[in-house]
Amino acid sequence: QLDLLWTRKQNVMYNLFDWPTQKHSKLIILAIANTMDLPERIMMNRVASRLVFHSSIALLFCGRVLFLLVVAFFLFCLLIFARLFSQLVGNIGKTRRVYFQVAALSGDARRCLDICRRATEICEFASRKRTPEIVRMAHVTEAIDEMFSSPYVNAIRNASLHEQIFLKAVLAEFRRAGVEEATVQQVYHQHVALCRIEGMQSPTVSEIMAICSRLGACRLLLVESSDKYLHMRVRLNISQDDVTYALKDE
């Protein structure tokens with residue numbers, strides 16, 4: 001589980017993948033991770049450079065394993081997909097579209113399999129009303145929209161601009177620190193930086209506290225009760241994937 005070895009300076013991963021490059025080394029490192037695009041998502045260049053030769057092989061390997069798992073799942077669950085294997089083999093481009101579309105929304109390969117499973121159910125239900133058909137991109141798109149369309153996602157989309165920026169700041173701080181918890185002060189620094197990038201006026205501390213309170217009242221955030229307001233700790237009450245999906249068009 002390579003993603004669990006992540007640290008801020010990434011010394012652990014760097015040393016791990018540096019060992020096989022040493023002279024006369026006979027060591028081979030094989031690593032797995034639930035994150036499909038781990039090198040691009042969290043690795044520094046000095047760490048990713050140790051994987052340049054292996055990353056393309058790993059991506060090809062993971063992609064084909066994922067492809068075979070999906071096909072096996074379809075054939076095991078539904079006889080209607082007896083035709084699916086030949087269709088997918090004949091059109092690898094469509095399979096890659098599913099892979100990269102899901103990777104853009106969620107790095108978790110398990111979510112990709114969940115979406116494929118739901119797409120088969122949607123197709124099966126539609127096939128009961130008319131002639132049987134195979135899973136198409138329309139089914140996958142519908143499954144993605146359904147999986148990520150929750151009341152929380154709608155609440156984020158209907159939130160104010162600064163509330164949305166605050167949630168982006170929460171994600172940015174989580175990525176920076178490598179943990180899924182932060183103080184309001186840490187998120188505030190990220191919020192100010194995002195406002196600067198967008199050329200917007202930054203909110204005051206009082207306004208940030210009000211934003212945090214409203215998001216907590218909507219249960220989008222879990223806010224620790226404390227008298228030291230800027231040092232209150234906040235966590236997301238929904239997955240980071242859902243927040244990313246809700247804000248992807250913003």
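Student: Where is Glu163 placed?

Tutor: Glu163 sits in helix H10. Keep in mind that this is a predicted model.

Student: Okay. Is Glu163 buried or exposed?

Tutor: Glu163 is buried, because its relative accessible area is 10% and the cut-off for buried is under 20%.

Student: What does Glu163 touch, not counting residues up to four places away in sequence?

Tutor: Glu163 touches Ile211, Arg214 and Leu215.

Student: How far apart are Glu173 and Val187?

Tutor: In sequence, 14 residues separate Glu173 from Val187, and in space the pair is 6.1 Å apart, C-alpha to C-alpha.

Student: What about H10 as a whole? How many residues, and what span?

Tutor: H10 has 17 residues and goes 24 Å from its first C-alpha to its last, close to the 24 Å expected at 1.5 Å a residue.

Student: Which residues in H10 are buried?

Tutor: Quite a list: Glu163, Gln164, Ile165, Phe166, Leu167, Ala169, Val170, Leu171, Ala172, Glu173 and Phe174.

Student: Now the packing. At what angle do H10 and H11 pack, and how far apart are their axes?

Tutor: H10 and H11 (residues 184-198) pack at about 115 degrees, and their axes are 8 Å apart. As for handedness, the crossing of H10 and H11 is right-handed.

Student: Which residues meet there?

Tutor: From H10 you get His162, Ile165, Phe166, Lys168, Ala169, Val170, Ala172, Glu173 and Arg176. On the H11 side they meet Gln186, Val187, Gln190, His191, Leu194 and Cys195. By type, the residues of this contact split into eight nonpolar, four polar and three charged.

Student: What does H11 look like in numbers?

Tutor: H11 has 15 residues and reaches 21 Å between its first and last C-alpha, close to the 21 Å expected at 1.5 Å a residue.

Student: Which H11 residues are buried, and what covers them?

Tutor: Val184, Val187, Tyr188, Gln190, His191, Val192 and Cys195 are buried in H11. The cover for the buried residues of H11 includes H10, strand S1 (182-183), H12 and strand S3 (233-236).

Student: Switching to the residues that follow the helices: what comes after H10, and what is its phi?

Tutor: Gly178 follows H10, and its phi is positive, near 80 degrees. Gly178 lies in the loop between H10 and S1, and it is partly exposed, with a relative accessible area of 40%. Just after H11, Gly199 has a positive phi too, about 70 degrees.

Student: Which residue other than glycine has a positive phi?

Tutor: One of them is Arg219, with phi near 65 degrees. Arg219 is in the loop between helix H12 (205-217) and strand S2 (221-223), and at 43% relative accessibility it counts as partly exposed. His24 is another non-glycine with a positive phi, about 65 degrees.

Student: Where is His24, and is it buried or exposed?

Tutor: His24 is in the loop between helix H1 (11-18) and helix H2 (38-42). It is exposed, with a relative accessible area of 69%. As background, most residues other than glycine have a negative phi.

Student: What about Ala33?

Tutor: Ala33 is in the loop between H1 and H2 and is partly exposed at 31% relative accessibility. The C-alpha atoms of Ala33 and Leu2 are 5.3 Å apart, with the two residues 31 apart along the chain.

Student: Last one, zooming out: how many helices and strands are there?

Tutor: The protein has 13 helices and three strands. Of its 250 residues, 38% count as buried. Among contacts with a separation of 6 or more, residues 24 or more positions apart make up 67%.

Conventions. Residues numbered from 1 in each chain as written. Predicted model: local features only at pLDDT ≥ 70, side-chain atom pairs only at ≥ 80, totals over all residues. Heavy atoms only, no water. Helix = DSSP H or I, 4+ residues; strand = E, 2+ residues; numbered from the N terminus. Expected span 1.5 Å × (residues − 1). Buried < 20%, exposed > 50% of the residue type's maximum accessible area, 1.4 Å probe, protein only. Axes fitted to C-alpha atoms, helices over the stretch in contact; angles between N-to-C directions. Left-handed = near helix turned anticlockwise from the far one by under 90°. Contact = heavy atoms within 4.5 Å. Nonpolar A, V, L, I, M, F, W, Y, C, P; charged D, E, K, R; others polar.
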